[in-house]
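Me: I would like to learn how to read a pocket and a strand in a model, one feature at a time. Could you take me through them with the structure in view?

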Amino acid sequence: MVIRKYNYKDLAEYYDVLELDSENTLKMNNFLGDIFRSYNVKSALDMTCGTGAQTIELKKKGYDIAALDISKEMLNVARKKSKDLAIKFYQGDIRTSKIGKFDAVIAIFNAIGHLSKKDFGIAISNISDNLKNSGLFIFDIFNLDFMKSGGFIKHRFIDKAKEHSGIKYVRFNKNTIDYKNGIMGVNQEVYIQEGLGKPKIIKEKWDMQIYSSKELTEILKKYGFKVLKFYGGPEDVFIKDKSLSIYVVARKS
């Protein structure tokens, strides 16, 4: 099955306003810091860095960080935000880019959901090539078991409504789901309005591949990784059918 892609081009300049809540971003970065300290991680490669939410803060904490993203528009935002930090940013594909050997690779905020299952396998092999022996692969993805247990929202809904610097942002979702293949069809409309002017409307449709914890364990094992622990969130215990997302810490075997 072909996965419809989301290229981030139209929404890159609005991404931080729409997606990055300061409290949740802080929790995520503290979570990564805790994992890094627990496993003595000194260097990391953010292979889906987006606008730099994790990369920048980890750099500030003293980690040796490099960052990669497929979107030049998202990278442009990240570079502007981190111009004084001397972070090396690369435009490239998680499936093919060879940047170096790191203690950990991260791919945060459902980034692997943009890959088909086949491409996810290719990406894991490439991630392994970017890791030192016993290196960590840390990522998150929506939980298929949660969706199957009634967590999927069938109706059209507002998932974001906020005002920032005098501009109003409202985002609607009307999604579909294929439980058999684990594919969520995402259909979004974002309304951006300054004052009482005519709103700018950005429409996006893409597919997100989602997984159960069992599937992730099997896939990672197939490509030479062992799951060390699942989390339900940066501060949450993972519950198979009740956690919206799966946060994975896996080790290269």
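Me: Which helices each supply at least two residues of the lining of the second largest pocket?

Reply: Rolling a probe the size of a water molecule over the atoms shows where empty space is left. A pocket is an open set of points on a 1 Å grid over the protein atoms alone where a 1.4 Å probe fits, with protein on both sides within 12 Å along at least five of seven lines, and lining residues have an atom within 4 Å of a point. Here helix 2 (22-38) and helix 3 each supply at least two lining residues, and helix 2 gives the largest share, four residues; helices are DSSP runs of H or I with at least four residues, strands runs of E with at least two, numbered from the N terminus. This is a predicted model, in which local features need pLDDT of at least 70 and side-chain atom pairs count only at pLDDT 80 or more, while totals for chains, interfaces and linings use all residues. Residues are numbered from 1 along each chain as its sequence is written, and side-chain values use heavy atoms, with hydrogens and water left out.

Me: Which residues line the second largest pocket?

Reply: Among them are Leu-20, Thr-25, Ile-56 and Lys-81.

Me: Which strands run parallel to strand 1?

Reply: Two strands pair if DSSP finds at least two bridges between them. Strand 1 (residues 43-46) is joined by four bridges to strand 2 (residues 64-69), where Asp-46 has Ala-67 as its bridge partner, and by three bridges to strand 4 (residues 102-107), where Ala-104 stands opposite Ala-44; both pairings run parallel.
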